[in-house]
Amino acid sequence: MKLENAKILITGASGGIGKALSHALAEQNAFLVLHGRNESQLEQLKASLPYPDRHQIIVADLTQTADRAMLLQHPALNAGIDVLINNAGTNEFAWLEDQTETQIERQLHVNVQAPVLLTKAMLPHLNKPALIMNIGSSLGSIGYPGYSVYCATKFAIRGFSEALNRELAGSGIKVLYFAPRATQTSINSDAVNAMNKELGTKSDTAESVAREVVTALQKEIKRRWLGWPEGLFVRINGLIPQLVDNAIIKQLPVIAKFARATFQKGTH
Ligand SMILES: NC(=O)c1ccc[n+]([C@@H]2O[C@H](COP(=O)([O-])OP(=O)(O)OC[C@H]3O[C@@H](n4cnc5c(N)ncnc54)[C@H](OP(=O)(O)O)[C@@H]3O)[C@@H](O)[C@H]2O)c1
């Protein structure tokens, strides 16, 4: 899709990837609708973009039915939307037995229920042609210890993307799935960053992820996994998961050290 003058709604625009993506899309001369929960952060972001007056902000907690309804009534959506990017997300890095029900429910709600409900409600507001991009994760294809709930949410959103894209074939709406690997944003706790360092897990900057998202939108790439070797592991895990079982189980003592230390320090 040509992004110049396209109207793009980005959820979670105030986060690490969301901000970088907002800058990258503004540089393509798109009109942005920046969503988040923190109004002053969104105002700052808007002011930092080229031609701030082209862009609008919407403050909403996507887990709240009333907030989603308010978002749908917002004047920013009056002329329709060309691209919806479901980017807002959250995670907890902890053993399942150490997570509270609230932490588990929040991940399921923010990462699955909210984008699915928002996408359904947005369908009548989408111009034709339109793109929906769902931001997944390499952990949407590879089950990883300490991320059982997060993996469940990202596996779900990958399945949702694939099924909906097939369902909407010929409608003028395409659904793309985009999966970053570890990216340097505040979603990752100090424990996660320390674990990644010890395991030699590579990470990307939010700016480099944003550039790849722009390319995926322009080329309408249906499924994209970022990074080497993560992209290869995704494919091997799909074909011969036993091989990946063994590689990850070798890492288990290190993963457990960081996942359980975070819990014990009470930082969750
Ligand atoms: N960073 C990584 O390593 C990585 C890797 C793979 C995939 N991803 C995915 O990339 C996406 C962006 O993550 P990020 O790294 O940029 O994380 P981030 O910096 O923590 O940003 C998350 C964004 O989601 C928003 N959000 C969270 N809960 C919300 C709710 N209830 N209602 C509305 N908005 C909510 C946050 O808004 P507030 O500012 O109001 O909290 C924030 O704008 C997520 O889907 C994440 O799963 C990240």
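The lining of the largest cavity comprises 5 nonpolar residues, 3 polar residues and no charged ones. The model discussed here is predicted.

**Largest cavity**

- The space in the largest cavity amounts to about 50 Å³.
- Its lining is formed by Thr 11, Leu 62, Asn 86, Asn 87, Ala 88, Val 110, Ala 114 and Pro 115.
- Helix H4, spanning residues 101-122, makes the greatest contribution to this lining, with 3 residues.

**Second largest cavity**

- A volume of about 40 Å³ is found for the second largest cavity.
- The residues that line the second largest cavity are Asn 86, Ala 88, Asn 111, Pro 115, Asn 134, Ile 135, Lys 154 and Ile 157.
- Two or more of these lining residues come from each of H4, strand S5 (126-135) and H5.
- By class, the lining of the second largest cavity consists of 4 nonpolar, 3 polar and 1 charged residues.
- Asn 86, Ala 88 and Pro 115 are listed in the lining of the largest cavity and also in that of the second largest cavity.

**Ligand surroundings**

- A polar backbone atom of Gly 16 lies 2.8 Å from an oxygen atom of the ligand.
- For Gly 89, a polar backbone atom is 3.3 Å from an oxygen atom of the ligand.
- On its own the ligand has 890 Å² of accessible area, of which the protein covers 90%.

**Aromatic pairs**

- The model contains 3 aromatic pairs.
- In one of them, Phe 93 and Tyr 147 have ring centres 5.0 Å apart and planes at 40°, so the pair is tilted; planes under 30 degrees apart would count as stacked and planes over 60 as edge-to-face.
- Phe 93 belongs to the loop between strand S4 (81-86) and H4, and Tyr 147 to the loop between S5 and H5, so the pair ties together parts that are 54 residues apart in sequence.

**Backbone geometry**

- Most peptide bonds are trans, and most residues other than glycine have a negative phi.
- The peptide bond that joins Lys 128 and Pro 129 is cis, with omega about 0°.
- Pro 129 is located in strand S5, an element that also gives residues to the lining of the second largest cavity.
- A cis peptide bond likewise runs from Trp 228 to Pro 229, where omega is near 15°.
- Pro 229 is situated in the loop between strand S7 (223-225) and helix H8 (230-239).
- Asn 5, although not a glycine, has a positive phi of about 65°.
- The position of Asn 5 is in the segment before strand S1 (7-10).

Definitions and conventions: Residues numbered from 1 in each chain as written. Predicted model: local features only at pLDDT ≥ 70, side-chain atom pairs only at ≥ 80, totals over all residues. Heavy atoms only, no water. Polar contact = N/O pair within 3.5 Å; in protein donor to acceptor, adjacent residues only side chain to side chain. Areas by Shrake-Rupley, 256 points an atom, 1.4 Å probe, with all protein chains shown as cover. 1 Å grid on protein atoms, 1.4 Å probe; cavity = no way out; pocket = protein on both sides within 12 Å on 5 of 7 lines; lining within 4 Å. Points joined across faces, edges and corners; volume = space filled by probe spheres on them. Helix = DSSP H or I, 4+ residues; strand = E, 2+ residues; numbered from the N terminus. Nonpolar A, V, L, I, M, F, W, Y, C, P; charged D, E, K, R; others polar. Phe/Tyr/Trp six-rings, centres within 6.5 Å; stacked < 30°, edge-to-face > 60°.
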